[in-house]
Every structure is written in C-alpha cells, then in structure tokens.
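Thank you all for making the time this morning.

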Amino acid sequence: MRETELTASHLIQPLFVTAGAGVREDIPSMPGVQRLSIAELVEEAAGVRAAGIGSVLLFGIPAEKDELGSGAYDEEGIVQMAIRALKESDPGLTVIADTCMCEYTSHGHCGRLRDDGTVDNDSSLELLARTALSQAEAGADAVAPSDMMDGRIAAIRGRLDEEGLTETPGISYSAKYASAFYGPFRDAADSTPAAGDRRGYQMDPANVLEAIRESKLDLDEGADMLMVKPALPYLDVVHRVKEATGAPLAAYHVSGEYSMLKAAAGAGWIDERAAALEALTSIRRAGADAIITYYAKDAANWLDE
Ligand code: PB1
C-alpha cells in the first residue's frame, strides 16, 4: 500500500516576472527557468495550468532598485501589474505573491538598512506591510513573506485586516535558513546582498528547535500556513514542524536543489524524472502539504504520463 501521494495539487510553480516587453530570458544557473515580461508570464501560467498546477508564486524583477525597495509596494509595480494580468486572464489561477524587499533594494537585503549596514528589523515591518497590502489590493490570493523579520506576520495581518482584506491568507516562510542553496535564485533576481549576508535574519542550519519556536510564533501572529526552506536538506525540520504544530505546511524546493538535479541530468549522471519525483515524494513523506518547486509543471506532466 502506497503511504504517500504526490499529485499536481500539492505543487506550486514559482515564476519570475520582469519589467519590459517581449522578454523570455533564460537564467543560465537555472536551466528551463526564465525571466518573463508580463505577456509572456500570462502565456507561461496558462501552460502551468494546463499541466494541472493550480498555484503560482510570483517574484518580481523591477526595472530600478533603490535603498528602500520602493518598487515592492508600488501600486504599478511589476508584481502588482503581473497579478492583475494573471487574474484577468485566468481568475481560477491561485496567485501567491512573495512579499520581501530583497528583489527591490539596491543593497539586496530583505529589509531596511541602518547606517552601519545591518538590517533594522522593526523599521522594515512598515515596508513589508505596505508591500503585502499593495499585492493583496492588486488581487493576490495570498501573500508569502519571505523576509524573516521578527513580527512581520502580525504587522502584515494587522495592515490587511485594517484595510478590510481579512480574507487574504498569509503563507509565512516561518523556518527559512541562511542557506547556500539560494545561489541560482539570486542570479535570477539579481538579489545577492551587496555587502554582508542574511545570517542576521535567516536561521542557522544547525537549529531545529528554533524552527519550531519560529513557526509557533508565526501561528500566534496569524499565519495561515507555515513553510520550511530549503526542503530536501531539511526534511527533519519539515517533519518536526508538522508534528509540533499540525498546521498547513509548505516546503520550498529551492533553486540550488533544482539546479543541482538539472546539472547532473545535463551531464547524463542521473535520471532526472525519477530523481525529481523521488525528491518531491520525499518532501511530501516528511510532512509537507504543499511543495514550491521549479519542477512543478514538469512533475505534473510526468505524473500524468
Ligand atoms: O529558490 C530559491 O532559492 C528561493 C530563494 C528565496 C526566495 N524566497 C530567498 C533567497 C535569498 O535569501 O536570497 C529570497 C529571500 N527573500
């Protein structure tokens, strides 16, 4: 008897939307993944839907970046315009907006910087709340704060509720590690920190009790869903967080996990289809209810064969 099911309904497709027109730009470190301008994004989302994937997670690449990351909360920002275009084209598609500053800040950090170059957690909360509000007002079905600032779930929930957006759920990146597996994403989003790193606000890979504490704090602040990120190197964390909270839990099969499989497959060292489906099944077995993966569309097509 098979104990763990992996279906298209468990998978969420991340997509990169960029300013401009007619853009379908390959990302060398993420074979098969592209930066897409809005019309091309709508086309790609239609293909994702046709494969049986019902949800996408949007990352924006703005034309300009600045100290505060003001493009993140611009009502006419790249993600806000992409959300409107996707929902107009396919109202049934679930569009989740990643809520963070790092793709929009000139320094590449996930929050506002102090003069000494460290991230000021508390003053970043206002920027994140404004960003989530602008995404929800643009029509996002959910917002997913990936910044890891303390208190951001309560700040975002409070702002959404104040503005009457009580039905927009928050998917918290609640246990997100300061991982070496994000490199290809940072290439794609041009979001590598100009100085320093994210260890001041992302978690130590050696900690699992802290992941449980962080996740419970986010639930208390009003998170509707939790997340562990990365996924495969953290299956114990997926299991422990699910066991400790019983809450809906996503796991993010990140860019480095994806690109490693792609590289090995490209070199003929591994059966890509079998390895990718095995990885995703293992993430489900560990307890994830949903998996964010760049393999989503391909996996759905493979599962349908
Ligand atoms: O696929 C990936 O590597 C995802 C990277 C992830 C996106 N939420 C973060 C990577 C990073 O810390 O730079 C972006 C953080 N907002």
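How far is an oxygen atom of the ligand from an N or O atom in the side chain of R186? Please keep in mind that this is a predicted model, and that in it the separation comes out at 2.6 Å. The side chain of R198 also places an N or O atom 2.9 Å from an oxygen atom of the ligand, and for Q202 a polar side-chain atom lies 2.9 Å from a ligand oxygen. Taken alone, the ligand would expose 410 Å², and the protein buries 100% of that area. There are 18 residues around the ligand, and those that come nearest are K176, R186, K229, S255 and Y294.

K229 brings me to the backbone, where a cis peptide bond with omega of about 0° joins K229 to P230, and P230 itself sits in the loop between β8 and α7.

Let me finish with the helices. The axes of α7, residues 235-245, and α9, residues 272-286, come within 8 Å and cross at roughly 30°, and since angles under 35 degrees count as roughly parallel, α7 and α9 are therefore roughly parallel to each other. On the α7 side the contact is made by L235, V238 and H239, and on the α9 side by S282, I283, R285 and A286; these residues divide into four nonpolar, two polar and one charged.

Key
Residues are numbered from 1 along each chain as its sequence is written. This is a predicted model: local features need pLDDT of at least 70, side-chain atom pairs count only at pLDDT 80 or more; totals for chains, interfaces and linings use all residues. Side-chain values use heavy atoms; hydrogens and water are left out. Axes are lines fitted to C-alpha atoms, for helices over the stretch in contact, and angles run from 0 to 180 degrees between N-to-C directions. Helices (H or I, at least four residues) and strands (E, at least two) are DSSP runs, numbered from the N terminus. Angles under 35 degrees count as roughly parallel, over 145 as roughly antiparallel, 65 to 115 as roughly perpendicular and the rest as oblique. Contact means heavy atoms within 4.5 Å. Ala, Val, Leu, Ile, Met, Phe, Trp, Tyr, Cys and Pro count as nonpolar, Asp, Glu, Lys and Arg as charged, and the others, Gly among them, as polar. A residue is near a molecule or strand if one of its heavy atoms lies within 4 Å of it. A polar contact is a pair of N or O atoms within 3.5 Å; within protein, one must be able to donate a hydrogen and the other to accept it, and residues adjacent in sequence count only if both atoms are side-chain atoms. Accessible areas come from the Shrake-Rupley method with a 1.4 Å probe; for residues, only the protein chains shown count as cover.
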